[in-house]
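Here is a short note to read beside the model. Take the points in order, and keep the 3D view open.

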Amino acid sequence: MFTLAEVASLSDIQPTYRILKPWWDVFMDYLAVVMLMVAIFAGTMQLTKDQVVCLPVLQSTVNSKVQPDTSGKADFTTVETTTGQEEASMRTASFRSTPTVTPDILLSRATSSQYQPTESGQELKKEQKDSSGRKTNLDFQQYVFINQMCYHLALPWYSKYFPYLVLIHTIILIVSSNFWFKYPKTCSKIEHFVSILGKCFESPWTTKALSETACEDSEENKQRLTGAQSLPKYVSTSSDEGSPSASTPMITKSGFKFSADKPMIEIPSVTILDKKDGEQAKALFEKVRKFRAHVEDSDLIYKLYVGQTVIKTVKFIFILCYTANFVNTISFEHICNPKVEHLIGYTQFECTHNMAYMLKKLLISYISLICVYGFICLYTLFWLFRIPLKEYSFEKVREESSFSDIPDVKNDFAFLLHMVDQYDQLYSKRFGVFLSEVSENKLRGISLNHEWTYEKLRQHVSRNAQDKQELHLFMLSGVPDAVFDLTDLDVLKLELIPEAKITAKISQMTNLQELHLYHCPAKVEQTAFSFLRDHLRCLHVKFTDVAEIPAWVYLLKTLRELYLIGNLNSENNKMIGLESLRELRHLKILHVKSNLTKIPPNITDVAPHLTKLVIHNDGTKLVVLNSLKKMTNVAELELQNCELERIPHAIFSLSNLQELDLKSNSIRTIEEIISFQHLKRLTCLKLWHNKIVSIPSSITHIKNLESLYLSNNKLETLPAAVFSLQKLRCLDVSYNSIAVIPVEIGLLQNLQHFHITGNKVDVLPKQLFKCVKLRTLSLGQNCITSIPDKVSQLLQLTYLELKGNCLDRLPATLGQCQLLRKSGLIVEDHLFDALPSEVKEVLNQDTSIPFANGI
């Protein structure tokens, strides 16, 4: 028989799962344990004491053929020399030969008289007088035989198997109650949920973050009341024009106001979260996010729980129905008809079942337990279908806490939370903190401020090419508060910081004039916006979609430079953000790196103010350029990688144009260059990285041209017209197919930079060295075999590239180029080593004479 401990182990679950067992499941588990005790108790009693006692029913008539005195005394006689086996056979024979026996004569006596028919009457009388033979207890064996036979024939089956049925039913009910904890597809989810729930409940962040929020709210309320007494409001030097509208994505809650000449007073944090606790809390946020995505897409746990509850209810009805029919069959008295009259001589026995009373009481107790169990199952079904358990709302939690963004959950996630609520609603309330993005952002902010201190940020400040102090923050969870304490910072770069928030403390950064937002849709408080609107001069915004551009960008009325890098395809109606560019009345430089097919009309709204327009396409063909005509004040225009095949005619209307850059297009001919004669101020023309095969003679009409860039084209010759541009200071024809440098180059007396690297030049004309103002001369990767000694005439030469030619030696006159040093001489090492020592000594000297590398 099973022990109670062995059977009870079937209902064992992990102790942590108790939070998913509501009161009815716990109560049903206890009922199941009581039913197990009933089954085991009944089974034990049945094994040890269960039996029936049967007596023959006396017949009303006595057979007259048998003499009572003979049969009465023959009951105790036996033949001593007969073996046990022979006795059995003799008894069998006796039973078959005796048709009837009088009720008061024992069967054994009749048997022994039947086996001695040949004895004399004297011997019989002697034996009757003195019954001193061996006693066989044959009558006891017969009673045992009848008792056993009647136990199986007369006793109802329910009386015999009642304990085992109770045990089986109870085991089925226990399995049904805990199957959802064992089934792999639900067990894994439940295990993860219980583990995460316990960690969320015990996490220090659950308590500390709430206390931080409460303290912040109380401090903010206090500041609202004391307001201007404690911290003076920042006074804007501009009018209210350009203030953000109600639709502007800003942080609208009232915060601290700061003066431009007073630093912000920082409220100390109430509690500081340990770094280890912060890391664990961040890991919990990630686990909760992944678990929610994994569980919310199905309702398997809910269906399985409903299914096992239905099974228990059906089981209860089944047990109650058939058990009620067998209650009255358990009786103390039973009539037995074993149909062994030929063995015993009696046809009917009356038997008593000594366990009937106990079994009936146990059965009534079992039925009572089953009824209670069934009513609880019915209540469970009522609970399951009364409310939508596949939806869970944290409405109360949102009302009681400051985390108003806790989302509602559904399916199995919602069902598990409903089950937890039956255990203790505090679990769900504390768990909801880890579903809130506001809570996660607060945690990130605390951890971020703890990690990025003022000292650490100061170490990351560097000097950029413009000799400005610059700080670049990359892939952080937010903007550390200590950033705003760097009051001498000139440039702030924020990259891949999705939750960037610019607080009012930025008003301390009085030197800040340049801000970079790379994939960083920053939010600003009202006071911070007022400061940026009045002080920010340069803004770089890099985005994937135009909707990511913060709306407050278009309200920075003092902005001078705006750089937009991202998808601005007007065909997809994504230019809505640029409609507000007209508000940027002081904008001078607009740099757009995108995939435009036309210059948006919205850009022309700021055309009267623009002095520089840069459009860098990603290879998308720029078709419509008529709007360029409105940009009358543009001095610099760059149209790079726009798949232009000719110089746009709209450019010829830009009377104030000084620099034109058409780099990386598909221009093959530049015959339209004659129209540039109307651009009196044009001084720089960049047609590099195109497919130009020739330069028209009409280039001579651009009288004021000072820089001409034609590198990376398909030029084979340089026409004499190029050298008629007397003001030309820089000529770049590198990486073409030019074989000869015309002698007319000597006419360019103002030439300071000449680049012809990567061509097919083999001879340098002497006239080249008449350009005595040359500072940069790039002759690398050609076929030059010798450098004339007249190179010494280039007294202002600071950079000379000769690497990649066919030179055997360098002229010793290089030493007479007073400003040339070894760092500016690009040549093979063996050629430099072959120079005279005095020349090398001169070239190795340091010079303190400043020289310009640009135009």
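What share of the 855 residues of the chain counts as buried?

1. **The chain overall.** The answer is 48%. Keep in mind that this is a predicted model. The chain has 22 helices and 24 strands. Take the contacts in the chain with a separation of 6 or more: residues 24 or more positions apart account for 58% of them. The chain exposes about 42,000 Å². Carbon and sulfur atoms supply 54% of that area.

2. **The nonpolar cores.** The largest nonpolar core has 131 residues. Phe676 and Phe754 have the most contacts inside this core. Helix H20 gives the core its largest share, four residues. A second, separate core has 81 residues, including Val166, Phe181, Phe316 and Tyr366. As background, nonpolar side chains tend to be buried together in soluble globular proteins.

3. **Around Phe676.** Find Phe676 and look at what surrounds this side chain. Leaving aside neighbours within four places in sequence, Phe676 is in contact with Ile647, Ile651, Phe652, Leu660, Leu682, Leu685 and Ile702.

4. **Helix H20.** This helix covers residues 526–535. Eight of its ten residues are buried, so H20 is mostly covered. The buried residues are Thr527, Ala528, Phe529, Ser530, Phe531, Leu532, Arg533 and Asp534. Note that Arg533 and Asp534 are on that list. What do the buried residues of H20 pack against? They pack against strand S9 (501–502) and strand S11 (523–524).

5. **A buried loop residue.** Leu810 sits in the loop between strand S23 (799–801) and strand S24 (825–826). Is Leu810 buried or exposed? Its relative accessible area is 6%, so Leu810 counts as buried, the cut-off being under 20%. Not counting residues up to four places away in sequence, Leu810 touches Leu802, Leu825, Val827, Leu831, Phe832 and Leu835. Now compare sequence with space. Leu810 and Ala834 are 24 residues apart in sequence, and their C-alpha atoms are 7.8 Å apart.

6. An unreviewed UniProt entry lists residues 27–47, 161–181 and 363–385 as "transmembrane region". In the model, residues 27–47 are 100% helix and 0% strand, with end C-alpha atoms 30 Å apart. Residues 363–385 are also 100% helix and 0% strand. The end C-alpha atoms of residues 363–385 lie 33 Å apart.

7. **A nonpolar patch on the surface.** Which residues form the nonpolar patch? They are Trp23, Val26, Phe27, Tyr30, Val372, Tyr379 and Phe382. Together they have about 690 Å² of accessible area. Helix H2 (23–49) and helix H14 (356–386) each give two or more residues to the patch. H2 supplies the largest share, four residues. Phe27 is found in H2. Phe27 counts as partly exposed because its relative accessibility is 38%.

8. **Salt bridges.** Side chains of opposite charge can pair when their charged atoms come close. A search of the whole structure finds 17 salt bridges. In one of them, Glu296 meets Arg292, at 3.0 Å from N to O. Glu296 counts as buried at 13% relative accessibility, whereas Arg292 counts as partly exposed at 22%. Glu286, Arg289 and Lys290 are linked in a network of salt bridges.

9. **A salt bridge between two strands.** The side chains of Lys612 and Glu636 meet in a salt bridge, at 3.5 Å from N to O. Lys612 lies in strand S15 (residues 612–617) and Glu636 in strand S16 (residues 636–640), so the pair ties together parts that are 24 residues apart in sequence. Lys612 is partly exposed, at 22% relative accessibility. Glu636 is partly exposed too, with a relative accessible area of 28%.

10. **Positive phi values.** Most residues other than glycine have a negative phi. Ser664 has a positive phi, near 60 degrees. Ser664 lies in the loop between strand S17 (659–661) and strand S18 (684–686). Gln781 also has a positive phi, of about 60 degrees, and is not a glycine. Where is Gln781 placed? Gln781 is in the loop between strand S22 (776–778) and S23. Gln781 is partly exposed, with a relative accessible area of 42%.

Note on methods. Residues are numbered from 1 along each chain as its sequence is written. This is a predicted model: local features need pLDDT of at least 70, side-chain atom pairs count only at pLDDT 80 or more; totals for chains, interfaces and linings use all residues. Side-chain values use heavy atoms; hydrogens and water are left out. Buried means under 20% relative accessible area, exposed over 50%, partly exposed in between (1.4 Å probe, protein chains only). Contact means heavy atoms within 4.5 Å. UniProt positions are given in the numbering used here, feature names are shortened, and annotations may be inferred rather than shown by experiment. Patches are made of residues with over 30% relative accessible area and no salt bridge: like charges are joined within 9 Å, nonpolar side chains (Val, Leu, Ile, Met, Phe, Trp, Tyr) within 5 Å. Accessible areas come from the Shrake-Rupley method with a 1.4 Å probe; for residues, only the protein chains shown count as cover. A salt bridge is a side-chain nitrogen of Lys or Arg within 4 Å of a carboxyl oxygen of Asp or Glu. A nonpolar core is a set of buried Ala, Val, Leu, Ile, Met, Phe, Trp, Tyr and Cys residues joined through side-chain atoms within 4.5 Å.
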